[in-house]
Amino acid sequence: MAVLSDNDVGLFVTTGRFTKDAHDEDRSQERRKITLIDRERLVELWIDYMDRLSEDARQLLPLKPIYFLAPP
């Protein structure tokens, strides 16, 4: 947060989870736009946009879809 100036945009990514304090700080910002991305959101974004990436980029986080039948 210390490196963001007014009207800056910050993207914070973790492979863990953000604390309540981190979410509170995010919501309290009026002049800075902050986006918090935890591991669940990171995987969602990766799956949503994976088909738009080059093969080399996809190999950075190789995921394979698994299909299964759900009961009716």
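Predicted model: local features only at pLDDT ≥ 70, side-chain atom pairs only at ≥ 80, totals over all residues.
Residues are numbered from 1 along each chain as its sequence is written, and side-chain values use heavy atoms, with hydrogens and water left out.

Start with Lys20 and Asp24. They form a salt bridge, with the closest N and O atoms 2.8 Å apart (the term means a side-chain nitrogen of Lys or Arg within 4 Å of a carboxyl oxygen of Asp or Glu). Both sit in helix H1 (residues 20-28), four residues apart, about one turn of the helix. Helices here are DSSP runs of H or I, at least four residues, numbered from the N terminus. Lys20 counts as exposed because its relative accessibility is 60%, while Asp24, at 28%, is partly exposed (buried is under 20%, exposed over 50%, partly exposed in between, with a 1.4 Å probe and protein chains only).

Next, select Arg41 and Glu44. Their side chains meet in a salt bridge, 3.1 Å from N to O, and both lie in helix H2, three residues apart.

Now pick Arg17, Arg39 and Glu40, which are linked in a network of salt bridges. Arg39 and Glu40 pair up at 3.3 Å between the closest N and O atoms.

Last stop: Val43, Ile47, Leu60, Leu61 and Leu63 make a nonpolar surface patch of about 440 Å². Patch members have over 30% relative accessible area and no salt bridge, with nonpolar side chains joined within 5 Å and like charges within 9 Å. Val43 lies in helix H2 (residues 39-49).

How values were computed:
Areas by Shrake-Rupley, 256 points an atom, 1.4 Å probe, with all protein chains shown as cover. Helix = DSSP H or I, 4+ residues; strand = E, 2+ residues; numbered from the N terminus.
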